[in-house]
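Let's take a friendly walk through a protein model. Have a look at the sequence and the structure below, and keep them in view as you read.

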Amino acid sequence: MSDQALAEYRIEDLAHHSGATVRTIRAYQDRGLLPKPERRGRSNVYRDTHLARLRQIADLLDRGYTLASIKELLEAWDAGRGLGGVLGLVAEVHGPWTDEEAARISRAELNERFGGRPDDDAVGEACELGVLERIPGRPDEFLVPSPQELAVAAELYAAGVPLPAITGHLRELRGQVEHIASRFLEFTTEHVFARYLSPVPPTDADAAEAATMVRRLRPLAQQTVDAELARAMRLFATRHLQQHLGAAGTAQAAGPSPVPLPAETVRAVRDLVGPEHVAEFIRAATERELQARTMNELVGRGGGR
C-alpha cells in the first residue's frame, strides 16, 4: 500500500492542504457534506478522501452551485450513481463559449489607445463592466477577457464617440444580449435538455450525453445571432441611408408623404374593383371626399352670412 493511501491528517492539516478553514470543515460535517472522520482515542483522523471531497466542494462552489445542490450531487455519488459524468457536464457548461483568448494590457498602453491621458473614472467603469480586470499586485496592468471588445471600444473612440457614450451603449447592448442568451437557454432546455432534468442528479450516462449535446449546441447561439445581426444591419443601414439622402433632397422633402392604409381596406377595395384598379379607386375616392368637404365648407360659409 502506498504512502498516499495511508495519508492521515489532523483537522488543522486538512484545512491547510484544502484551503478551507477549520470552522468550514466542521460546518460541512454538520451539514453532511463531508464524511465523519475516524475517531482515534481523543483525536479525529482525516484521510485523502476527505481532502478530495473538500476540493470537489470548493470547485462546485466556484462554479456557482449552492451547498444544497452540492449535497444532492455528493449523496448521489455516495449512493453509487457516479459523479464523473455530472462533473464533466459541469465542466462543459463552464468551459469557454468563445475561441477568443484573454490578453493583458498595461496602463500606459491603455492610456495611449484612449486619448493619451489617464482617466481613472473610465478605467473604473471598464472594470465594473468586466471589459478590464484588475490583477492583484500589479496596479499598472490589466487582464482583458475579450481583446475584441476592447478593440471595438478603441475604434469607436478614435471615430469620435465619447467614452461615456461607449460604456452606456455597452450596458444597453449587454442587457439585450443577456435576454437573447436567456431565451436560447429556455428554448434548448425545453426541447433538448428537459429529458435530462429531474429532481435527482442525472446518471453518469445521461450527464455524459447532455455534455455532448452542450458541445454540439454551443456554437449555434453565436452563429444565429451573427446571421441575424448581419441581416438586420443590412436592412436598417439601407433604410438609414435612404432616409438621410431623402432628407437632403429638396424635391423629396417637399413632396407628399405616403399614407399607409389598413390591410383590410386594401383587400376590400381589391375585391370590389379588382387588383389592377386599386390605386385608381383610392385616388378617385380621395378626390371625391376632398370635393365633398370643400362644398360643405362653402355651403357652411354661405349659410352663416
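Helix 3 (residues 48–62) has 15 residues, and from its first C-alpha to its last it reaches 21 Å, close to the 21 Å expected at 1.5 Å a residue. The expected span of a helix is 1.5 Å times one less than its number of residues. Helices (H or I, at least four residues) and strands (E, at least two) are DSSP runs, numbered from the N terminus.

Before going further, a word on the source: this is a predicted model, in which local features need pLDDT of at least 70 and side-chain atom pairs count only at pLDDT 80 or more, while totals for chains, interfaces and linings use all residues. Residues are numbered from 1 along each chain as its sequence is written, and side-chain values use heavy atoms, with hydrogens and water left out.

**Inside and around helix 3**

Which residues of helix 3 are buried? They are Asp48, His50, Leu51, Arg53, Leu54, Gln56, Ile57 and Leu60. Here, buried means under 20% relative accessible area, exposed means over 50%, and partly exposed lies in between (1.4 Å probe, protein chains only). An α-helix has 3.6 residues a turn, so residues three or four places apart point the same way.

Ala52 also has its place in helix 3. With a relative accessible area of 39%, Ala52 is partly exposed. Just after helix 3, Gly64 takes a positive phi of about 100°.

**Two helix pairs**

Helix 1 (residues 11–18) and helix 2 (residues 22–30) pack at an angle of about 100°, and their axes are 9 Å apart. That makes helix 1 roughly perpendicular to helix 2. On the helix 1 side, the contact is made by Ile11, Glu12, Leu14, Ala15 and Ser18, and on the helix 2 side by Val22, Ile25 and Arg26. Sorted by class, this contact of helix 1 with helix 2 has 5 nonpolar, 1 polar and 2 charged residues.

Some terms need their cut-offs here. Axes are lines fitted to C-alpha atoms, for helices over the stretch in contact, and angles run from 0 to 180 degrees between N-to-C directions. Angles under 35 degrees count as roughly parallel, over 145 as roughly antiparallel, 65 to 115 as roughly perpendicular and the rest as oblique. Contact means heavy atoms within 4.5 Å. Ala, Val, Leu, Ile, Met, Phe, Trp, Tyr, Cys and Pro count as nonpolar, Asp, Glu, Lys and Arg as charged, and the others, Gly among them, as polar.

Now turn to another pair: the axes of helix 7 (residues 120–129) and helix 9 (residues 163–193) come within 11 Å and cross at roughly 10°. Helix 7 and helix 9 are therefore roughly parallel to each other. Ala122, Glu125, Glu128 and Leu129 in helix 7 meet Leu163, Thr167, Leu170, Arg171 and Arg174 in helix 9. The residues of this contact of helix 7 with helix 9 divide into 4 nonpolar, 1 polar and 4 charged.

An open sheet of 3 strands has the order 3-5-4, with antiparallel pairing. Its edge strands are strand 3 (103–106) and strand 4 (133–135), each of which pairs on one side only. From one strand to the next, the twist averages 40°. Two strands pair if DSSP finds at least two bridges between them. Strand 3 is joined to strand 5 (residues 138–144) by 4 bridges, and strand 4 pairs with strand 5 over 3 bridges.

In strand 5, Arg104 has Leu143 as its bridge partner, Ala103 has Val144, and Arg134 has Phe142. In the hairpin of strand 4 and strand 5, which has 2 residues between the strands, Gly137 takes a positive phi near 80°.

Pro145 sits in the loop between strand 5 and helix 8 (147–158). Leaving aside its neighbours within four places in sequence, Pro145 is in contact with Glu101, Ala102, Gly130, Val131 and Glu133. Pro145 is partly exposed, with a relative accessible area of 30%.

**Apart in sequence and in space**

What separates these pairs along the chain and in space?

| Pair | Apart in sequence | C-alpha to C-alpha |
|---|---|---|
| Ala52 and Ser18 | 34 residues | 8.4 Å |
| Pro145 and Arg104 | 41 residues | 8.5 Å |
| Val225 and Val177 | 48 residues | 9.2 Å |

Val225 is found in helix 10 (residues 204–248).

**The whole protein**

The protein has 13 helices and 5 strands. Of its 305 residues, 25% count as buried.
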